Amino acid sequence: MAEKFHRATFTRNFLRTITRIKNPDTMLAEASGEGLAKTLGVWDLIILGVGAIIGSGIFAVVGIAAAGNVDGSALGAGPALMISMIIAAIACIFSALCYSEFATMIPVAGGAYTYTFATLGEFAAWMVGWVLMLEYAIGFIAVACAWSNHFVQFMSGFANILPAWLANPPVWLVNDPFTASKLVEADPSITVPTLFGIPLCINLPAIVIVLLITAILVKGTKDSTKMAGLMVFIKLAVIALFVLVGAFYVRPENWTPFAPNGAEGIFAGAFLIFFAYIGFDALATAAEECKNPQKDLPIGIIGSLLVTTVVYVLVALVLTGMQDTASAVSPDFLKAPMAYCMTVVKQNWAAGLISIGSLAGLTSVLLVLEMAATRILFAMSRDHFISTKFQKIHPKFQTPALLTWTVGLLAVLGILTLNLDVAAELCNYGTFTSFIIVCVAVLILRKTDPDRPRPFKVPFSPVVPSLGIICCGGLMIYKSMQPSGSAVLFPIWLGIGALIYLLYGFVRNRLNENKIHREKVAQRKQELCK
């Protein structure tokens, strides 16, 4: 039975407590008792995976990965972009295989957080959950703001039809205070209302889409998947349109030189494109809602990666054939490369449809990111790291409605207050950390619990998990060497997480253990009295 202590003091008992693992059988029992409704099949998972991966990356990042920045601070891969994409996919596949083994072995909500609790203990699990919140929650906010930017750009195309306030809304109505301040500095003619010197800005489109996505998720994962499926169909159709129409305007001379910046440009492109693949790991957080996780989850995770790799390579082939990426390019190409190429060849109708596809792509990404964030917090609530009130399931929709609305409203608060340029950089480190931890966890559980049934096993272990650690660790080191403040901010984020655990999470878990201790003592007394 649990000992009666409340405070976190650095003793041998403390160290033993924070490294105490949670038995996977206990996790499965809790999930079967008051778990989430099982509504997802294999095609639902593939749709969610493709919906999460194909987003802003394919509609924006490919331009920078191919041509580099205008100021020359980042090298481009040129036509060798397709090689960069394959390298990034290979780097992801190692981690994806590790996720698949865990997701089939412990099919409960939480993803990397849950797997860490089963292998590295309580404190490591909390820290991974804290890092995942950085990846998913801030990523969700950043994508919502990107959606707003695309929406405003799309509406500006109807300037001759719509009212001026709708086609070209004021800056303070479609930007956060930090972005609006930069715009005012660049163009003093822009006016923004202020209160005590503080800009009064609200990114209204981003807030509206966040609340809409939250309402859809509350209604149920199956309904959310239907919407994601529609968005995936639209964006894949638009991408197919780009490939088919653009193929007629490809000039083979644009493919030479094939790698204008050599291996350095190829790996720089792979680093950028790596983030266009992020999203498949979100499927693991929905394992508890799968009808047949042992069979469907590996197919969903690996299948979504393969589908998106084929799509990315086809886009890269046509894009670099239409635009010379070995020399200087227009800034518009870097912002929206596919739409820009269609505009250059006088196919404005196709450029407009691609803009619709980008909105659909970002919408599906928002769905999966918020779903992943709520499922991780649901698992953390189950483990008493946060209030157990968040475990409450909606009686009609069978979803964590209170938790979903809480995440949505916190995202709205973040849209109003965060400097997203800084916050978004931190997401990269969160992703690398979670991938590395899952690869390490597979190796640990193979040693500590070798007899546990594994419906899917990572092939060639320990080679594959080790390659995953090396690839993600190498990319993390590469990122930390770039001129950016995120390399300093990430350790600060970890320090804040550790402090919250010591002052709150650790105490909550010990109080819960004491409660269980008292209940068992009372039950034992009753048995003795009888």
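Modeller: Let us start with a term: a contact means heavy atoms within 4.5 Å. In this model, which is predicted, residues 24 or more positions apart account for 82% of the contacts with a separation of 6 or more.

Colleague: What makes the radius of gyration of the protein agree with that of a compact globule?

Modeller: With 530 residues, a compact globule would have a radius of gyration near 24 Å, and the protein has 24 Å, so the value agrees with the rule. The C-alpha atoms fill a box of roughly 90 × 60 × 45 Å along the principal axes, and the protein has 21 helices and 2 strands.

Colleague: Why is isoleucine 90 called partly exposed?

Modeller: Buried means under 20% relative accessible area and exposed means over 50%, with partly exposed in between. Isoleucine 90 has 43% relative accessibility, and therefore counts as partly exposed. Isoleucine 90 is found in helix α5, which covers residues 81-105, and together with Ile83, Ile86 and Phe258 it makes a nonpolar surface patch of about 320 Å².

Colleague: Which residues of helix α16 are buried?

Modeller: In helix α16, residues 337-344, the buried ones are Pro337, Met338, Ala339, Cys341 and Met342, and by the cut-off each has under 20% relative accessible area. Just after α16, lysine 346 takes a positive phi of about 65 degrees.

Colleague: How much of the protein is buried?

Modeller: Buried residues make up 53% of the 530 residues, while the accessible surface comes to about 22900 Å², with 68% of that belonging to carbon and sulfur atoms.

Conventions. Residues numbered from 1 in each chain as written. Predicted model: local features only at pLDDT ≥ 70, side-chain atom pairs only at ≥ 80, totals over all residues. Heavy atoms only, no water. Patch = residues over 30% accessible without salt bridge, like charges linked within 9 Å, V, L, I, M, F, W, Y side chains within 5 Å. Areas by Shrake-Rupley, 256 points an atom, 1.4 Å probe, with all protein chains shown as cover. Salt bridge = Lys/Arg side-chain N within 4 Å of Asp/Glu carboxyl O. Helix = DSSP H or I, 4+ residues; strand = E, 2+ residues; numbered from the N terminus. Buried < 20%, exposed > 50% of the residue type's maximum accessible area, 1.4 Å probe, protein only. Rg over C-alpha atoms; globule rule 2.2 N^0.38 Å.
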